[in-house]
Amino acid sequence: MITCFIRYEIDPFKVSAFEEYARTWGQAIPRCGADLIGYYAPHEGSSTVAYGVYNIKNLAEYEAYRERLRNDPLGRANYEFAQKEQFIRQEDRIFLRLASVPHSELVRP
């Protein structure tokens, strides 16, 4: 299992548009096969940083998921909404695997 962390730099005057975008992904992402942890909008501190986080089995499954998302009517509409409203200034993805205890088995020498 890997976790995709998406870091967004958003327009601080369009946070409500990002929140609409996030709510839509809340429906489309699970339907297309990823385990959505959540989308996070600015609350306090920086007003330009937001996150999306979800789990997926592996990178091969990620590619299949992305294709399903592109072909999903709600997913496609959400991509178009983001392009039209231009509230995302930058988007970066990183894939990490959980390595912490107590979440993983303790390995003793």
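Phe5, Ile94 and Leu96 make up a nonpolar patch on the surface of this predicted model. Ile94 belongs to strand 4, which covers residues 88-96.

Now take the whole chain. The protein has three helices and four strands. Read from the N terminus, the order of elements is β-α-β-β-α-α-β. The C-alpha trace spans about 55 × 35 × 20 Å along its principal axes. The protein has 109 residues, and 35% of them are buried. Its accessible surface amounts to about 7,200 Å². Carbon and sulfur atoms account for 52% of that surface. What share of the contacts between residues at least 6 apart in sequence joins residues at least 24 apart? The share is 69%.

The strands come next. Strand 1 runs over residues 2-10 and strand 3 over residues 49-56. These two strands pair in the antiparallel sense, over eight bridges. Within this pairing, Thr3 of strand 1 faces a partner in strand 3: Thr3 stands opposite Asn55. Strand 1 also pairs with strand 4, again in the antiparallel sense and over eight bridges. Here Arg7 stands opposite Asp92 in strand 4.

Turn to the aromatic rings. A search of the whole structure gives 14 aromatic pairs. One of them joins Phe18 and Tyr21, with centres 5.9 Å apart and 45° between the planes. The pair is tilted, because angles under 30 degrees count as stacked and angles over 60 as edge-to-face. Both residues sit in helix 1, residues 15-32. Phe18 and Tyr21 are three residues apart there, about one turn of the helix. Are these two residues buried or exposed? Both Phe18 and Tyr21 are buried.

Phe18 has another aromatic partner, Tyr39. This pair is also tilted, at 6.2 Å centre to centre and 45° between the planes. Which parts of the chain does the pair link? Phe18 lies in helix 1, while Tyr39 lies in strand 2, residues 35-40. The two residues are 21 apart, and the pair links distant parts of the chain. Tyr39 is buried, as is Phe18. Both pairs fall within a wider group. Tyr8, Phe18, Tyr21, Trp25, Tyr39, Tyr79, Phe81 and Phe87 form one aromatic cluster.

One backbone detail remains. Gln86 lies in the loop between helix 3, residues 73-85, and strand 4. What is the phi of Gln86? Phi is near 50°, a positive value in a residue other than glycine. Most residues other than glycine have a negative phi. Is Gln86 buried or exposed? The relative accessibility of Gln86 is 57%. Gln86 therefore counts as exposed, because the cut-off for that class is over 50%.

Definitions and conventions. Residues are numbered from 1 along each chain as its sequence is written. This is a predicted model: local features need pLDDT of at least 70, side-chain atom pairs count only at pLDDT 80 or more; totals for chains, interfaces and linings use all residues. Side-chain values use heavy atoms; hydrogens and water are left out. Patches are made of residues with over 30% relative accessible area and no salt bridge: like charges are joined within 9 Å, nonpolar side chains (Val, Leu, Ile, Met, Phe, Trp, Tyr) within 5 Å. Accessible areas come from the Shrake-Rupley method with a 1.4 Å probe; for residues, only the protein chains shown count as cover. A salt bridge is a side-chain nitrogen of Lys or Arg within 4 Å of a carboxyl oxygen of Asp or Glu. Two strands pair if DSSP finds at least two bridges between them. Rings of Phe, Tyr and Trp (its six-membered ring) pair if their centres lie within 6.5 Å; planes under 30 degrees apart count as stacked, over 60 as edge-to-face and the rest as tilted. Buried means under 20% relative accessible area, exposed over 50%, partly exposed in between (1.4 Å probe, protein chains only). Contact means heavy atoms within 4.5 Å.
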